Each structure stands twice: as structure tokens, then as C-alpha cells.
Amino acid sequence: MTQQSFSFSDLTPDLLLDALDSVGVYAESGLLALNSYENRVYQFKADDGARYVAKFYRPQRWTNEQIQEEHDFTLELTDQEIPVAAPIVFSGETLTHFKGHRFTLFPSMGGRQYEVDNIDQLEWVGRYLGRIHNIGKSKSFVHRSTMSLDEYLYQPRKILENADFIPDYLKKTFFSDLDLLIKELDQRWHSDWQSIRLHGDCHPGNILWRDGPLFVDLDDARNGPAVQDLWMLLNGDRNDRLAQLDTLLEAYTEFSDFNPKELQLIEPLRGLRMVHYMAWLAKRWQDPAFPRAFPWFADAKYWEGQVLSFKEQLATLNEPPLQLMPQW
């Protein structure tokens, strides 16, 4: 795979239009680039009046089989009338290959921003996540990965060690504190959970609201514990998060069982996401879109802030985990 294709620099407007033409879709409007960094995503109106979203996948990230598993899971959810953004099928296929690129078309489905402090919306989301997980536990992904410390901690640690972003004066402190965090996360990462198919990145930005929730972007779908799709919906102080958790799980358990022991994974999962995110930015830095979007990543102040974040997360890990209300 060439550096050119890795950075999407050959993904010209003409190539985009030709790719769409190859599946019989003809853009009438210009292709509006949407806020996506891992892939390249464009919204447009076709000559038939329909609006579409075209997603061009980053080379080398997923295999064809892994992408297809995501599509099949999404279509499985759609068949059960769960509101997810599902790929369009052309000639029996959802994944199209064109001149070294792979792309998928979705119907453009607008909506309002999900309101993170709206308890009624949280209740709706909880019910649908229960339904999603009830389907997700019927079988496992075969080609997509299962959440692990290797993927989220140890590989990222190596990437950071080999990167040039961390200032020399800070490296000793940074890696010393990072290793303390990794050691603590390793000790707290238990295996007492059922591995199910997940959305994988169910944060508020991946939920739209249109007379109910619409779940989008299953690009990070994988096997893992159910709580991975729940914890990022909690916000505020401890009392706020306890109340939100009670609402979320009361609705969730109408459709799927939940193992309360998984609540012990919430703060470890937050720590894993913290480390994985830094390494993701470092790994993608050669893509010109990343320095433009995340200029602060190369600033010493950012890395000083991460050292403080390590210490704060270590302190949080030593607090009692969130627990269910007494009625549970």
C-alpha cells in the first residue's frame, strides 16, 4: 500500500464521482466532506433527489471480512427494526471496490444532537441498547477483534514510545506515570464478563435524535463487555452518573440481562480509552488531516496535561466503583 493511498491523497473529486457512477448513483450536488478522520465520508444529493452518505474506508485498517461483519450486524439490527444507519445493498453487496478503494453508501439520515442530560432520551437509548445487545449476544464476530489489554494498552504503549511527540524533559515522568496506570489497569481488568457484539464506540456524538435515537457509525464494532456501550453515556459528578446509570439500566434490562460485575470495568475502560486515543493520534499523524484537526497534539502543554490525567485516573480507579441502586 503506497503512502499516497494511505493518506487518501489520490481520492480526487473525479475519482469520487466515478466511484459513485460505478454503482449507478450520480451526484447532482457537490460532495460535502463530513467530520470523519479515520475514513473519508461525504454527503451529497443524487440526480434522483435522494440524499446519500458515501464512506471510503481507510486502507489497511480493516479487512474486507471485518467490514462485511460490521455491515451484516447493522443489517441484522435493521431487520429487527432497530434504528441504525445501515449500508445500502447494490447487486447483493454492501461493500464496493473501485480503483484500490473500498466504499459503502448509506442513506443520509439527519437528526438533532442527542441531549446528554435528557433523562427521557437516555431511557430510550437504554431500551434500544438492550435490544442491540440481545441480538449481539446471539453470536460473536469471527473476524473482528475482542477488546483486550494488548490492543488498548500494550500496543499503544509501544507506539507512544517510538513516537517523537513527547518532549525530552517530560519522557521519564510521562512513561513512569503511564506504566503505573497500565499496571493498575492490568490488575483491574477482570474476565468476568460475557463477550458480545457491540456498537463499540457508543458515545453521544454517535447518536442522533429524530423522534427517537438513531445509532450511527459502527466502524469500531467488536466483541466485548456490554458496559463498553454504556459507560460513555454517563456524565457529571458521581451522583449524576449514579442516577443516569439507574435510568439507563432500568430501561436496558427490559430487553437484555446485565451483569452488575461489569460496573467495575467502567473506570478501567476509561483508562484504556485514554491510552488508546493518544496512540491513535500518533499512529495517524502522517495523514495530513490529523495535524490540521489536532494541532495541539504536537504541543508540549498537551503532554504535560496527559501526565496530570494519568494521576487523576489513578486516583479515580481507587475510588469505589459505581453501584446499582438498592432495588437492584
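Which residue forms a salt bridge with Asp168, and how many Å apart are the closest N and O atoms?

A: The partner is Lys171, and the closest N and O atoms of the pair are 3.5 Å apart. A salt bridge here is a side-chain nitrogen of Lys or Arg within 4 Å of a carboxyl oxygen of Asp or Glu.

First, the ground rules. This is a predicted model, in which local features need pLDDT of at least 70 and side-chain atom pairs count only at pLDDT 80 or more, while totals for chains, interfaces and linings use all residues. Residues are numbered from 1 along each chain as its sequence is written, and side-chain values use heavy atoms, with hydrogens and water left out.

Back to the pair. Asp168 and Lys171 are 3 residues apart in helix H6 (residues 168-188), so about one helical turn separates them. Helices are DSSP runs of H or I with at least four residues, strands are runs of E with at least two, and both are numbered from the N terminus. Asp168 has a relative accessible area of 66%, so it is exposed. Lys171, at 30%, counts as partly exposed. The cut-offs are under 20% relative accessible area for buried and over 50% for exposed, with partly exposed in between (1.4 Å probe, protein chains only).

Helix H6 holds another such pair. Glu184 forms a salt bridge with Arg188, and their closest N and O atoms are 2.8 Å apart. These two residues lie 4 apart in helix H6, about one turn of the helix. Glu184 has 17% relative accessibility, so it counts as buried. Arg188 has 29% and counts as partly exposed.

Elsewhere, salt bridges that share partners build one network, joining Glu38, Arg40, Lys55, Arg58, Arg61, Glu151, Asp217, Asp219, Asp220, Arg222, Arg284 and Asp287. In general, side chains of opposite charge can pair when their charged atoms come close. The structure holds 24 salt bridges.

One of them is Arg284 with Glu38, where the closest N and O atoms are 2.7 Å apart.

Now the charge totals. The protein has 33 positive and 49 negative side chains. Lys and Arg count as positive, Asp and Glu as negative, and His and the chain ends are not counted. The centres of the two sets lie 4 Å apart. Each charge is placed at NZ of Lys, CZ of Arg, CG of Asp or CD of Glu.

Glu70 is found in helix H3 (residues 64-79). Its relative accessible area is 3%, so Glu70 is buried. Not counting residues up to four places away in sequence, Glu70 touches Lys55, Tyr57, Arg144, Leu218 and Asp219. Contact means heavy atoms within 4.5 Å. Lys55 and Asp219 are also among the members of the salt-bridge network.

Gln244 lies in helix H7 (residues 238-252). At 6% relative accessibility, Gln244 counts as buried. Neighbours within four places aside, Gln244 is in contact with Asp117, Ile119, Leu122, Leu233, Leu234 and Asn235.

Gln60 is in the loop between strand S3 (51-56) and H3. Its phi is near 75°, a positive value in a residue other than glycine. Gln60 is exposed, at 55% relative accessibility. Glu81 is in the loop between H3 and strand S4 (96-98). Glu81 is not a glycine either, yet its phi is positive, about 60°. At 68% relative accessibility, Glu81 counts as exposed.

Finally, the whole fold. The protein has 10 helices and 10 strands. Its C-alpha atoms fill a box of roughly 55 × 50 × 35 Å along the principal axes. Buried residues make up 49% of the 328. Among contacts between residues at least 6 apart in sequence, 73% join residues at least 24 apart. The accessible surface comes to about 15,700 Å², and 49% of it belongs to carbon and sulfur atoms. Areas come from the Shrake-Rupley method with a 1.4 Å probe; for residues, only the protein chains shown count as cover.
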